[in-house]
Amino acid sequence: MALTSSLDPYVDRDSPVHALDARVKLLLTLALVLALALIPAGRWSAMIAIAALLWWAVLRSAVGPGLILRRAFIAAPFALAALTLVVTRPGAPLLRLPLGPLTLTVTDAGLVAFASVILKTWLSVQAALLLMATSRFTEVLGALRSLGLPAVLVAMLGFAYRYLFVLVDEAERLLRARDSRAAALPGRRAGGPIAWRAGVLEGMVGTLFVRAYERSERIHAAMLSRSYTGEFRSFPPRSLTTSEQGLLIAGAALLAAIVWLAYWR
Amino acid sequence: MLVQALGQAMALGMHIPDGFLSAPVALLWWVLTVAALAVAVQRVQGFDERRVPLMGVMAAFIFAAQMLNFPVLGGTSGHLLGGALAALLLGPWAGMLVMACVIALQALLFQDGGLLALGANIFNMGVATALVGHGVGMPLIRAAGGKPWGLIAAGFVAAWLSVMVAAFLTSLQLALSGLAPAVVFPAMLFVHAFIGIGEGLITVAALAFVATTRPDLVPALADSVDASALGRAMSRGAMLTVTLIGLAIAVGLTLISPLASVHPDGLERVAEDHGFIERARDPLYNLLPDYTIPGLDGPLSTILSGVIGLLIVFALAYGIMLLIRGRREPGPKTPG
């Protein structure tokens with residue numbers, strides 16, 4: 001199971017979206033997600049306008065709309081929670097479902113609220129996917145740093161990303177070791193009762209912790225021997241070019257206009 | 001992998017995606033999270049610089065540890081959220097930063113939780129779990145006076161409570177954003193009362209493992225626990241007893257909770273708070289509903305609608321799981 005290869009969402013292509021500065025992409029993504037959250041339920045034209053902007057960027061990114069659309073279903077399980085809106089939102093009743101002692105009423109307002117939440121979630125996930133598919137993680141970290149995230153947190157995120165793959169491999173080895181010692185017959189679950197299974201996991205989590213801790217000690221020693229003093233040094237971020245600033249302002253203005261129209265029309 | 005991811009998403013159900021939280025709710029929790037993390041960064045910088053690589057690798061550890069799961073019921077599996085464990089192993093502030101990194105990575109790499117909702121997600125699963133895990137766990141461990149049972153019980157209670165607090169906060173944010181509290185609160189708290197048992201077991205087991213094998217790594221724990229006695233106490237029987245007691249508590253609480261919420265407390269308070277917020281921003285927003293269920297009134301309807309909502313969601317989720325599982329895994333199954 002090649003899990004580690006699926007961990008990194010970056011898709012290496014040559015496109016104007018990839019070439020764009022990560023700070024601009026990060027800010028525009030956040031603005032787009034915020035704009036979606038601000039649009040009231042049922043303002044379909046505003047949501048479609050934002051979708052058009054997003055999909056225009058997706059098409060220019062050469063990542064492939066299929067990939068973005070397919071991965072965007074990751075939030076689908078959570079969408080089930082929104083289903084309750086259909087029967088709890090007051091409005092004009094459309095359909096009554098008699099269920100034993102009480103009746104669930106599907107309302108028009110409920111359906112609108114449900115569809116709005118689903119559409120907003122779907123588009124927001126796509127925006128985040130586009131950002132991560134067209135920017136290397138280190139570029140995103142650099143953008144976060146220059147936007148004011150404390151250096152400690154940026155460094156931690158960097159370490160976590162760097163060793164994520166290593167420790168996930170470590171965890172997979174533990175899982176494989178357990179599975180190879182717990183043969184299962186078809187239709188029968190391997191292992192003992194739940195306490196036994198939890199007991200096996202005890203050693204796995206503890207072992208993983210001790211190995212991770214010891215690894216971090218070795219990493220620290222290696223860093224000290226390369227003259228690490230607790231400070232992380234990097235080149236100061238270059239200032240944005242005029243065209244990048246223009247794109248940022250134009251994008252933000254466009255999104256603001258869409259939200260403004262959604263409210264006042 | 002897809003089955004696992006789906007199982008995780010459902011079992012946790014706590015990484016709120018974008019689109020669910022209204023903008024004011026999301027921004028409010030961003031402010032709270034930034035404030036909490038600013039305090040944590042300040043506290044942690046007082047320690048030696050060795051902790052930066054340590055905390056980064058610990059974030060990767062929590063991430064990887066969340067992959068280690070054990071089958072519980074049907075398609076769901078018990079696995080770690082990790083906030084209480086991180087706080088008990090590393091201290092509340094370092095634990096908080098570690099969890100913030102984990103949740104941020106999940107949002108960025110997997111779209112597991114939204115970007116605008118990231119503030120709320122970090123607060124629920126990082127800030128609150130670390131504070132509860134440490135704030136409840138450490139005094140209990142000290143109060144137990146070095147008895148191994150003290151560590152087991154304290155770790156379990158702290159981890160279970162941290163999951164419940166996170167579930168409560170998630171429900172609160174969803175309710176403030178317009179989902180019906182009568183459905184969200186019972187559903188989330190009910191499910192997580194059971195998920196919390198898994199969390200408690202794994203947390204206790206991992207704590208005990210570390211305290212017995214490498215007590216030097218966790219001085220705070222090693223000082224207050226006798227390692228050799230702990231090794232003897234961590235038998236299968238002890239684990240089973242803790243599981244059963246925890247299960248009993250969880251079932252008891254879920255049976256009591258809908259009845260309790262009929263009386264003027266939790267849900268009503270939320271509705272009141274919400275009403276206040278709604279009035280405050282009435283001129284700008286008209287998208288929030290009021291929380292009467294059409295055609296239903298009274299306390300019975302609250303319980304019934306909660307239970308029905310829960311059943312519908314779970315029936316759907318379970319059906320999807322079975323479909324995917326059936327298509328994906330035709331051969332002999334491996335555990336986990």
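In what order do the elements of chain A run from the N terminus on? Select chain A and follow α-α-α-α-α-α-α-β-β-α-α-α-α-α. That comes to 12 helices and 2 strands, where helices (H or I, at least four residues) and strands (E, at least two) are DSSP runs numbered from the N terminus.

Before you go on, a word on what you are viewing: this is a predicted model, in which local features need pLDDT of at least 70, side-chain atom pairs count only at pLDDT 80 or more, and totals for chains, interfaces and linings use all residues. Residues are numbered from 1 along each chain as its sequence is written, chains are lettered from A and ligands numbered from 1 in the order in which they are written, and side-chain values use heavy atoms, leaving out hydrogens and water.

Next, select residues 151–181 of chain A, which form helix α10. Its 31 residues reach 44 Å from first C-alpha to last, close to the 45 Å expected at 1.5 Å a residue (1.5 Å times one less than the number of residues). Centre on L164(A) to find a kink of about 40° in α10(A); the bend is the angle between axes fitted to the seven residues ending there and the seven starting there.

Now move to chain B and pick H15(B), in the loop between α1 (2–12) and α2 (23–45). Is H15(B) buried or exposed? It counts as buried because its relative accessibility is 8% (buried means under 20% relative accessible area, exposed over 50%, partly exposed in between, with a 1.4 Å probe and protein chains only).

Finally, show the side chain of Q106(B): a polar contact of 2.7 Å joins it to the side chain of H15(B). Such a contact is a pair of N or O atoms within 3.5 Å; within protein, one must be able to donate a hydrogen and the other to accept it, and residues adjacent in sequence count only if both atoms are side-chain atoms.
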